[in-house]
Amino acid sequence: MNPPIVKFTIDGKEYLAAAGTYIIDVARESGIFIPTLCNIPGVKPRGACRMCTVSVNGRFMAACTTPASDGMEVRTSSPELEDLRRAILEVMFVEGNHLCPVCEKSGNCDLQALAYRYQIMVPRFPFQFPHRTIDAANPRLVKDHNRCILCKRCIRTVKDAKGRSFFAFRRRGHKIEISIDHEMADLMTDEIAGQAADICPTGALLRKEGGYRIPIAERKYEKVAIGAPDGTDTR
Amino acid sequence: MKSTFPESPGDLEFGEIAFQDTMIKSVSGIIERYGRDPSRLMDILIDTQAEFGYIPRPVVSFIARDLTISAVDIEQTLSFYHFFATRPSGRYTVYLNDSVIANMMGREEVARTFEREAGCRFGDVSADGLIGLFSTSCIGMSDQEPAALINGRVFTQLTPFRVKEIVRDLKSGKRLDEAMVEGLGDGANALPEIRSMVRNNIRKKGPILADGYRPGDALKKVVKMRPEEVIAEVKLSNIRGRGGAGFPTGMKWEICRNARSEQKYIFCNADEGEPGTFKDRVILTEYPKMLMEGMAVAGYAVGATQGILYVRYEYMYLREHLEKVIEGGRKKNYLGTNICGKEGFEFDIRIQFGAGAYVCGEESALIESAEGKRGEPRDRPPFPVESGYHGRPTIVNNVETLCSIVKIVNNGATWYRSMGTKESSGTKVLSISGDCKYPGVYEIEWGFSVNDVLEMVGAADVQAVQVGGPSGTLIGPNEFGRTLSYTDLSTGGSIIVFGRERDLLKDVVLNFLDFFIAESCGSCSTCRNVPVLLRQKLLKVLDARGVPRDIDEMLDWSKVLKASRCGLGLTAANPVVSSIRNFRPLYDRKIQHGKDYDSSFDMLAAVRASCDAVGRVPTLMADGGGAA
């Protein structure tokens, strides 16, 4: 039995979708840009970064975890929403230690790309300069907590054949961090290590022995800005 | 570096070989007790800690292998909850409440005495390993603070003198209950299965707290009704959830009844963690049968056969009592099969303990926790009534809501609606504490004004009242005419009174921010960070370094929290916002006027590190220290 079709509007324009489809997926398929750092198409969403916050019938909701429903009125942009997203980005920049010029992920980093899009010069919040560690014990991966934005992408997707997670959260609140199962990580294949590094939206998870394969200026967001329509070359 | 807990000194003392020889059997026994079910991880960890005093790393690896889950999966649950220890935390582990009320009632002196007598600082264990000292969020004893949990037992109304006695007794080898020299509390607190010094402090009784409750009356009545009729009666009563959120209970039941599933669950939320709340403690102590009857009624109405009573870890001292009541209910056939002779009416209850996390009071976080996971609220939809515990339709009702249901069944919806106001029917059990003569539990009809409440509790010269705990509102005398109701001042029951002498910003708002910072689950970028940033701003203001713009920015930054997932994040800035709105002069008095930014510079602080490094005393700086 096919799910029923629901009718709703995004930014005043009418859309149809199967019931249960998330707002962010409808937008993505329709070429409407909603920024996100934690969402991965096809993977159960978690609403961790809150960047995709939109207005649904006048209330703030995360577009990645809110299914479209009949009669819903979604607004993806307003001065208030844009400032909110800018503030959330700024929060992420001050809660960690993000030094783009010395980061291998520069140019391939979603956080950096969004910061350019939102023209963040100086965050409104004071830098926290937290003491964060770098875990390089694993033969294939470096885990740099300075750059982690706690989006849970690695936790949600990187699993072994038995379905066990390599990554997990540890502690809670502002002391939260990503931990890796060292026993399992020692047995991590190259393929899984590559998957983990690719899924990370920042430079928090990096492959060892493979830096700078793509030279600076040739990288993803150096060719096409985040949120630009497909095929756009911004250079 | 293989250690999962690199900071744990316990790992060094805890060799793998010793572990295998002596402990595999007991850990295996614990795992077996819960049917080798990874979703019972909370119970496995609670029992493990009860066995060893903490949860050693090799035990984590053992449990992981035995349940075929990764060690980090266990660690993520373990490290989420405040009361789980990964290193030895003393033969006697003291958790001293750090809530706003505890501090008002003299916590600081008590804490210093503990440190002096035990010979260690808070966050640490004495050198002989006898006493560990730790702080904790509100433990539900606001009417008898300062209070502490020592190995799960409650010690109330602590004074420096009492602390000296307690530590002396523990050092001399006395048992914990021998150290409780004041004797036992009133009512059921004195029962052999509780033996607690906690006092009920029931000051005003209404229909729920009234004497003469007869267990089973409501069940005998509902089994003669169709489930739909029970739900109709609950809907007619207009009762709304008493935990704070105020969702119409009848509607919740109806949605769950209509959800198609072979199994459904009834949860009772006994995780009251909002600082200043303690009414559920009293209900669990004095009226547990009523509560369990309410759960069974809910089970009958929605077609659920399994009930789970989720109790906060702080109330572990009630465990035996609650288990005994469940056992008694089974014997009387109020639980079990064919309840009260009704063919096919099956319902039973198990107790699930938490392990220290305020956010688990949020219904979906509570369900996650009961499934053995971190208490992170779920994304909604789906709501628990459609997909809750193990993906099945689940009702989560507050302790007081379920008790009210029993009275509604017994006396009828019309009777219930004759109390309270038009929109807020019935009664509310309040937990009142702070600067008043008679702190305790009061059952009032909705519609009482704050002035009525203050008169009732013997509070004079009141500067402010916090209605609904830290996530509620801080109001001043000009608003004391407002009424307690879902349409005006809504509350889960916590009311804290602040006298004229209290420093609202330092003693109250700062403490509340600390609370939200400590209790955030951390999964939203907003709630994880914004309270921390607001706290820094507030400290700047308290330090007389603030400028007018800082106050505007605090209000602006608070708005970022509106993008949070759950109630904790959405309300975490309420202490700041409501204190600025209602007590703006307190802020204005602290800040520097006519300035756009703070230009002060603390020379002494700036050079302290370098002076320390070279061993120089910065005496010449002393008089120029704070100047611009």
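In strand 4 of chain A, Ala62(A) is the bridge partner of Thr53(A); strands here are DSSP runs of E with at least two residues, helices are runs of H or I with at least four residues, and both are numbered from the N terminus. The structure is a predicted model, in which local features need pLDDT of at least 70 and side-chain atom pairs count only at pLDDT 80 or more, whereas totals for chains, interfaces and linings use all residues. Residues are numbered from 1 along each chain as its sequence is written, and chains are lettered from A and ligands numbered from 1 in the order in which they are written.

Strand 3 of chain A (residues 53-56) runs antiparallel to strand 4 of chain A, and 4 bridges join the two; strands are taken to pair if DSSP finds at least two bridges between them. In chain A, 5 strands form an open sheet with mixed pairing, in the order 2-1-5-3-4. Because strand 2 (13-18) and strand 4 (59-62) of chain A stand at the edges with a single partner strand each, one side of each is left without a neighbour in the sheet. Neighbouring strands of this sheet are turned against each other by 40° on average, direction ignored, the axes being lines fitted to C-alpha atoms, for helices over the stretch in contact, and angles in general running from 0 to 180 degrees between N-to-C directions.

Between the chains, 35 residues of chain B are in contact with 37 residues of chain A, contact being defined by C-beta atoms, placed from the backbone, that lie within 7 Å. On the side of chain B that touches chain A, the elements giving two or more residues are helix 6, helix 21 (504-519) and helix 22 (525-542) of chain B, and the largest share, 8 residues, comes from helix 22 of chain B. By class, this side of chain B has 15 nonpolar, 12 polar and 8 charged residues, where Ala, Val, Leu, Ile, Met, Phe, Trp, Tyr, Cys and Pro count as nonpolar, Asp, Glu, Lys and Arg as charged, and the others, Gly among them, as polar.

Within chain B, helix 15 (residues 288-302) and helix 18 (residues 399-411) pack at an angle of about 75°, with their axes 8 Å apart. Helix 15 of chain B is therefore roughly perpendicular to helix 18 of chain B, a term that covers angles of 65 to 115 degrees, while angles under 35 degrees count as roughly parallel, those over 145 as roughly antiparallel and the rest as oblique. Among the residues of helix 15 of chain B that meet helix 18 of chain B are Met290(B), Leu291(B) and Val297(B), and the residues on the side of helix 18 include Leu402(B), Ile405(B) and Val409(B). The contact between these helices of chain B has 11 nonpolar, 1 polar and 1 charged residues.

Two loop residues of chain B were also examined. Pro470(B) is placed in the loop between strand 13 (462-467) and strand 14 (473-475) of chain B, and counts as buried because it has 29 C-beta neighbours inside 10 Å; a residue is buried if 20 or more other C-beta atoms, placed from the backbone, lie within 10 Å of its own, exposed if 12 or fewer do, and partly exposed in between. Leaving out residues up to four places away in sequence, Pro470(B) touches Pro275(B), Phe512(B), Phe515(B), Phe516(B) and Pro575(B). Glu314(B), found in the loop between strand 8 (306-311) and helix 16 (319-331) of chain B, is likewise buried, with 29 other C-beta atoms within 10 Å. Apart from neighbours within four places in sequence, Glu314(B) is in contact with Ile139(B), Gly140(B) and Leu149(B), and the C-alpha atoms of Glu314(B) and Glu272(B), 42 residues apart along the chain, are separated by 9.7 Å.

Technical notes
Two residues are in contact if their C-beta atoms, placed from the backbone, lie within 7 Å.
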